[in-house]
Amino acid sequence: MSWVQIAWPMLAAASLTLGLIHALIWVRQRDMPQHLAFACAAAALAVLTVLEMLALHARTPAQLGTLIRWMHLPLMVLVLSLVAFVRLSFGAKYFALGVCAVALRLVALFAKFTTGANLNFAAIHEVGHVRWPGGMVIAYPIGEPNPWVILAQLSNLVIAAYMVMVLAHTLRSPDPQLRRHAVIICGGWLLFVGLMVTAAVVMTLNVGRTPFIGTPSFVIVIAAMSYQLGTNLFESNRLAARLRESELARLQGQRDLESAADTAGLGLWSWNIPDDRFVGSPRAREWFGGKEHDGECELAGVMRRVHPGDRPQLRKAIEEAYQCGAFTTSFRLVNEGPEHWLSVKGEMEFDSEGRGLAMRGIARDETDSRLSSERFRALLEAAPSAILLIDEAGRIRLLNAEVERMFGYARGELLGRDIERLLPVSMRADHVRHRQRYSLGPTKRVMGDGLELHGLRQDGTEFPIEVGLNPIRFGDQTLTLAAVTDTSERQRREAELSQRRDEVAHLSRVTMLGELSGSLAHELNQPLAAILSNAQAAQRMLLRNPEDLSEIGEILSDIVDNDRRAGDVIRRLRTLLRKGPHDLSRLDVNETVRECLRLLRSDLRNRDVVVVLDLAPGLPSVEGDQVQLQQVLLNLIFNACDAMASTEGRHITVHSRGRRDSVRITVSDDGPGIPVGMLDRIFEPFQTSKPNGLGLGLAICRTIVESHHGRLWAENGVGRRGAAFHVELPTADVLRNRN
């Protein structure tokens with residue numbers, strides 16, 4: 001019996017023994033499937049060793065080809081076990097490469113049984129013999145290479161790349177035990193793959209004289225791996241025993257802590273890293289799951305209770321705890337109902353070699369606080385105004401999206417910056433002083449009430465704003481909530497509305513002048529006819545006696561007077577027809593009334609209306625636009641004339657009275673009065689009692705009076721017929737003090 005016949009069976013038996021040991025370990029500890037993968041690899045290596053021993057003593061080409069063909073079957077199991085073992089030991093990193101290697105090996109296995117004598121040779125022509133040390137003669141194949149062998153070599157190269165990348169990734173781990181484990185396992189497999197590839201190439205190309213594929217050397221690698229797994233197992237058992245002993249010592253204290261934590265709404269938890277045992281208090285058990293009595297589960301079970309979107313964040317926090325010893329994070333729980341948020345803190349415990357033993361911490365339900373915060377944030381972002389929260393030093397602590405849109409800054413460019421950054425340069429110094437005074441006695445109010453405020457965008461443009469201030473107390477600190485509104489669009493619309501209102505008022509004046517056309521023509525015809533008569537008389541006098549000029553001077557004086565009279569009529573007409581912006585000036589109310597009556601003199605005479613003036617002397621002046629106020633008086637007088645059209649003895653009385661801070665003008669008539677149902681609606685647009693009226697006159701009059709900061713109202717006479725319209729305007733001095 002040769003030494004090969006002794007050594008090879010011993011190697012196979014050793015592999016089977018190791019495989020059986022680890023298979024039994026897996027049966028006892030089903031949570032460690034890497035022992036099952038190792039057992040499969042050891043069994044496959046034992047079969048491969050036996051087949052190799054038989055190939056070394058083959059006598060015919062057919063026998064040798066069959067043995068080499070069947071060697072690829074345990075090789076397939078070996079590769080599959082290898083990929084599974086590395087996946088279970090070091091995680092799913094680069095697992096796609098391992099799957100690719102297994103797929104290539106499967107294709108190669110199919111090609112082995114369908115092409116040639118085996119995967120290495122298309123045909124084996126003869127069996128060569130060579131003498132090994134010790135006088136042992138062994139067989140080797142001589143034949144034609146099979147091109148399909150490239151599939152097996154590609155599988156070997158892919159699995160070698162998989163091992164290299166897993167080894168490089170694991171060497172960056174902070175756990176020294178894991179790094180040592182990776183060097184032994186991945187390094188041993190790389191050695192075996194290298195020997196297997198070399199032997200296959202040598203045998204297929206007939207370069208060497210042996211079918212040897214490196215089985216004895218890999219048995220040594222298997223033994224080293226078994227030792228490493230056994231060491232890890234013994235170390236885990238030792239650490240588990242120590243933890244169980246310490247668990248008994250602190251059990252009573254933990255129960256006390258759990259009771260206190262439950263009272264405070266906290267959940268206590270601990271994770272025993274070597275045996276992956278997660279223990280929690282009753283409240284933590286409710287959140288993370290676990291058995292009813294002891295609350296134990298695996299970390300994977302805890303992860304299943306975590307929302308899928310938050311699991312990477314939790315894993316990253318645990319990995320960072322291996323570096324810094326602690327972590328803090330928040331995540332959602334998987335829940336069929338509303339979202340449930342937990343805030344978790346943990347600390348890592350290490351052994352003397354720096355390996356993680358356990359992690360302990362607390363969990364707190366922060367659903368209510370987070371919902372409150374999210375609701376506040378949603379309300380803040382949905383606010384139509386720009387909202388800023390400013391501290392006592394004038395720094396911006398909080399803002400919403402409307403601030404970004406309105407001022408053109410990104411949120412990060414404003415947080416922590418002074419609020420003066422959003423104001424024009426001309427306002428900043430004054431604003432700092434106003435802000436400091438406001439901080440001494442903060443109240444809810446409108447900033448700069450009565451003043452025009454402007455904001456400054458990032459591009460340097462200024463725009464009008466309104467700012468509301470409201471102090472908010474947080475502990476011993478007072479913050480100010482500022483609500484900023486951009487009034488650019490509102491001012492533009494107000495200006496446009498004012499322009500349209502002026503156009504309607506001008507149209508109303510033009511319409512009114514249409515009604516006055518007959519009276520105006522009469523007013524102009526009288527002075528013009530007088531001028532013509534005087535001029536003709538002067539011509540006749542000059543023809544009769546050119547030297548007699550005694551009466552010519554009087555005639556010329558009459559011509560000048562009549563010319564001025566016609567000019568006054570035209571001036572009043574042009575004034576009333578004028579269109580343009582308000583021309584505010586100090587006005588004498590009595591003179592404005594008289595000017596209107598001069599314009600209406602002929603029309604009143606034609607209507608047979610008598611106007612009684614009751615004007616108080618020495619009235620204070622008002623500030624306004626004379627044309628617009630004349631329009632109001634003309635409209636009120638015309639309405640009074642129309643109301644008395646069917647009555648006898650038509651009288652209109654115009655009063656003016658002074659008060660402490662205002663001047664009142666009253667136009668009253670002797671007509672039938674205002675119907676009771678119309679008294680509250682006569683100033684609304686399109687409300688009229690005239691058959692051909694538009695119902696805009698009184699609405700325009702009220703708008704004009706209100707734009708002069710006054711008021712216009714109507715009432716029926718008491719104890720007599722008729723109606724009275726009152727116009728009350730503030731004096732010029734009061735209006736100036738108000739502004």
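Modeller: Happy to! A cavity here is a set of grid points where a 1.4 Å probe fits but cannot get out, and its lining residues have an atom within 4 Å of a point. Please keep in mind that this is a predicted model.

Colleague: How many cavities of 30 Å³ or more are there?

Modeller: Rolling a probe the size of a water molecule over the atoms shows where empty space is left. With the cut-off at 30 Å³ or more, the count of cavities is seven.

Colleague: Which elements give two or more residues to the lining of the second largest cavity?

Modeller: That cavity has a volume of about 130 Å³. Its lining includes Trp269, Trp271, Phe278, Leu299, Val302 and Phe331. By class, the lining has 12 nonpolar residues, with no polar and no charged ones. The elements that give two or more residues are strand 3 (266–272), helix 9 (299–305), helix 10 (311–324) and strand 6 (326–333).

Colleague: Are helix 3 and helix 5 roughly parallel or roughly antiparallel?

Modeller: The axes of helix 3 (residues 61–90) and helix 5 (residues 149–170) come within 12 Å and cross at roughly 15 degrees. Angles under 35 degrees count as roughly parallel. Helix 3 and helix 5 are therefore roughly parallel.

Colleague: How do the residues of the contact of helix 3 with helix 5 divide by class?

Modeller: Helix 3 passes helix 5 in a left-handed crossing. Among the residues making the contact are Leu82, Arg87 and Phe90 of helix 3, and Tyr162, Met163 and Thr170 of helix 5. By class, the contact residues are nine nonpolar, one polar and one charged.

Methods
Residues are numbered from 1 along each chain as its sequence is written. This is a predicted model: local features need pLDDT of at least 70, side-chain atom pairs count only at pLDDT 80 or more; totals for chains, interfaces and linings use all residues. Side-chain values use heavy atoms; hydrogens and water are left out. On a 1 Å grid over the protein atoms alone, a cavity is a set of points where a 1.4 Å probe fits but cannot get out, and a pocket is an open set with protein on both sides within 12 Å along at least five of seven lines; lining residues have an atom within 4 Å of a point. Grid points are joined across faces, edges and corners, and a volume is the space filled by probe spheres set on the points. Helices (H or I, at least four residues) and strands (E, at least two) are DSSP runs, numbered from the N terminus. Ala, Val, Leu, Ile, Met, Phe, Trp, Tyr, Cys and Pro count as nonpolar, Asp, Glu, Lys and Arg as charged, and the others, Gly among them, as polar. Axes are lines fitted to C-alpha atoms, for helices over the stretch in contact, and angles run from 0 to 180 degrees between N-to-C directions. Angles under 35 degrees count as roughly parallel, over 145 as roughly antiparallel, 65 to 115 as roughly perpendicular and the rest as oblique. A crossing is left-handed if the near helix is turned anticlockwise from the far one by less than a right angle, and right-handed if clockwise. Contact means heavy atoms within 4.5 Å.
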